[in-house]
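Trainee: I have a model open and would like to learn to read it. Could you take me through some features?

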Amino acid sequence: MRRVLPRALSVLALTLSLVIGSLTPSVAAVDRAGGAAPPPPVVPRPTEWTDLGGRTALTPRTRILIDPRTAAATALPSGRAELPGPARQSVRALAEQLRTELAAVSGLTPRIAHDRRPAPGDIVVRLTDTGLGPEGHRLDTTGAVTVEAASTHGLFYGTRTLLQLLRATDPGHRALPRARAADRPAQSVRMVHLDAGRKYWQIPYLENLIRRMGDQKLNTLFLHLSESEGFRLYSPRFPGLADPDHSYSRADIERLKTFAARHHVQLMPGIEVPGHATVISEAFGIGFGADNGTGSAPCTGAHTHSHLTADWIVDMTSERAVAKTKEIVDEFAGWFDAPLFSIGAEEVPGQLADCPRVKDFLAADPDVSTLGDLLNRYINTLDDVVTRHGKRTAVYNGSEHLAAPQQTVHGPVVFITWEGTGAEPAIPGHDEIAIGPFYVTPNNYHHLYPDEPWMYDTWAPSTAPDMLGSGLVNWADYNFWSDDGYFEQHMAGARAILADRAWNASPTPGTVADFRALVARIGDPPGIRPAPAAPRTDDGRPSHRWTFDPAPYPSGWTYAGSPGNTLYAADTAGALPGTSYIINNPTQVDGDGAQGGAWRFDHDRDGVGFGGLDTAEPWTVSVRVRPTARTADQVLLSSKAGALKLMQYGTGQVGFTRYGAADHSFPYTLPLDRWTRLTWVAEPGRTSLYADGERIGTVDASIPLPLRSIGTEKASLRGDLDELLTWDEALSPGQVRDLYGKDAP
């Protein structure tokens, strides 16, 4: 997890918004009388749009017309640029894709033709020098619908506008508003970042995400493919580094690259070194906690972050360790064709400089005198490898905070800045991509969600030459095994806002609520596959069971914490295991009434991350709990929507809450210092509570079963937890009594 500095004062940000907005393109929406008109229902908004009134209809006679002389081309010379990288889809392939998409949206299946005399209602897709750069395009819907651009990047984005207009402006999806647009992005990198080191993302989800990104003109999917807990690229060259069942093979990456190219999304890879690298260090024995043949004693936990081991950092003083990381970067840089390759390179702990091994090395090497020098030289060594593959290296910012009198990071290296607002470049001499304000870290330790109203109303995307773009960042801390859909529900809104603001940096019209309604009105692009529905059990078997017995991490994940950190909560009935937080942790306890093992919670920041989607009623939850203290609010299970309460705020009784609506309590207060079996049974509009198998009462209200986490960031429990089970059905009173009967000694 990365730290985020406080956001600038809103007044300053608003000032920047107005200043920068005056320097960037704006929507020129006018009606035929010359007055102001609303912008079209498109995300992102076109930078220039002239509404000419009336409609242009597509019909069964509509054709898609292309020029045979450029049918196999991808770009003209004026449509090529380092970023976003080369277009890889030909004009003909784009026309064929548009044909399929039009059929899905409108029911019409136009034929592709080469006629130079378009008829009204035809669609002309043409490569020409528009003067709008590699992604800019012109759209004219006044007769034949014409899309012109200097590359198929621009043609693709023009056809996205066309398809969104069909979806949003006509009930039959066969007519377009008559208008002309000249459209180009304010920022050349418009990015979504996924933590694919801690979490393995399913390929069908990634393909859906790529479709959505392309539809909203986002052009870079940054897959952060290694973290301390996992490595997600499998190569036979490095046995033991990645688990084949929870990583991407070369064939997987080729499939994703081909798919992404059709949606004009670059797959940008990231491998995290020298920090955040326990999985790499342990696979090859190259961490600072290993011997490494350096002649100096290993570093210890005193030389890294308190909750981690010294193997969290690759040993930059070891020739063997440096050579191995060069080998890893060299292998996987060749798998990808995006113009940027990230090596991470941040959060190296300053106390590493106190390690005798580091001190000895710095004293003996004339080219480095500080830890900052050592890190910068390491970055440059890997940058040389990346450059040989024709790419630029990207790093997260942080190295610039370490004194480095002898070594300077190579000038072409791009800094991904996770500090500040992203309104101004912060690192002189380097291009940047801003990610600071746009964090999705949906666990109850960090609890970071993008401020969508601020993003929409106030954030000013920088158009400075050294600010390449902006990115929405997802971190999977303590949600290693979460549902893909859990992250999607948290990122979708902010992703749409980022797409609009990074493309069109002019002041936004309307409110963020209006914008959300527009996104819903446009809907998903054609081709989106529905997320698989979680199977519901209705045969008395639990859907999830967390025993809190000692258990190792599953295959594909590495334990990166110091002893006692990040306990693993196995799900023996379902597929939603969890992990405790890395700094504040429950304690594993055995005996004293626990059935095999239990976890002891003694701090509000103690919790367990699951990352599950809420389950609609009916459901049942049952748990053995032994509270040891009373606090104002104690949460068993929570989500953004609601929570099950061991101690309800205001009453101290067992209950449940629908956030923003109501707190509900049952006439029951948990006794301290003894085990109690609590069971909630929910049906739509009705929830009952049982204690030790006996019914306490019923409340005429219900909530979906929250499965984000145990506890919240401010209200965890105090005491011991054991045998937490859920069902996708309402158990009968007899079944609830049987649960308690199994607990009895």
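Mentor: First, the ground rules. This is a predicted model, in which local features need pLDDT of at least 70 and side-chain atom pairs count only at pLDDT 80 or more, while totals for chains, interfaces and linings use all residues. Residues are numbered from 1 along each chain as its sequence is written, and side-chain values use heavy atoms, with hydrogens and water left out.

Trainee: How are the helix and strand labels set?

Mentor: They are DSSP runs, numbered from the N terminus: helices are H or I with at least four residues, strands are E with at least two. Two strands pair if DSSP finds at least two bridges between them.

Trainee: In what order do the seven strands of the open sheet run?

Mentor: The order is E1-E7-E5-E6-E4-E2-E3, with mixed pairing. Strand E1 (48–57) and strand E3 (111–113) are at the edges; each has a single partner strand, so one side of each lacks a neighbour in the sheet. On average, neighbouring strands here are turned by 20° against each other, direction ignored. Axes are lines fitted to C-alpha atoms, for helices over the stretch in contact; angles run from 0 to 180 degrees between N-to-C directions.

Trainee: In which sense do E2 and E4 pair?

Mentor: Parallel, over two bridges, between E2 (residues 63–65) and E4 (residues 123–127). Leu 65 has Val 124 as its bridge partner in E4.

Trainee: Which strands does helix H3 lie across?

Mentor: Helix H3 (residues 152–169) lies across E1, E4, E5 (137–140), E6 (145–149) and E7 (175–183), and runs at about 145° to E7.

Trainee: How do I check the length of helix H7?

Mentor: The expected span of a helix is 1.5 Å times one less than its number of residues. For the 15 residues of H7 (residues 319–333) that gives 21 Å, and the end C-alpha atoms are 21 Å apart, which agrees.

Trainee: Which residues of H7 are buried?

Mentor: Buried means under 20% relative accessible area, exposed over 50%, partly exposed in between (1.4 Å probe, protein chains only). In H7 the buried residues include Ala 321, Val 322, Ile 328, Val 329 and Phe 332. Lys 324 and Glu 331 are also among them. The buried residues of H7 pack against E11 (230–231), E12 (266–273), H6 (278–284), E13 (340–344) and H9 (371–388).

Trainee: Where is Trp 335, and what does its side chain touch?

Mentor: Trp 335 is in the loop between H7 and E13. At 2% relative accessibility, Trp 335 is buried. Its side chain makes a polar contact with the side chain of Glu 331 at 3.3 Å. A polar contact is a pair of N or O atoms within 3.5 Å; within protein, one must be able to donate a hydrogen and the other to accept it, and residues adjacent in sequence count only if both atoms are side-chain atoms.

Trainee: What is His 307 in contact with?

Mentor: Contact means heavy atoms within 4.5 Å. Leaving aside neighbours within four places in sequence, His 307 is in contact with Gly 561, Ser 562, Asn 565, Ile 582 and Ile 583. His 307 is in the loop between H6 and H7.

Trainee: Which residues does a cis peptide bond join?

Mentor: One joins Val 273 and Pro 274, with omega about -5°. Another joins Glu 617 and Pro 618, with omega about 10°.

Trainee: What is phi of Tyr 478?

Mentor: Near 60°, a positive value in a residue other than glycine. Tyr 478 is buried at 5% relative accessible area.
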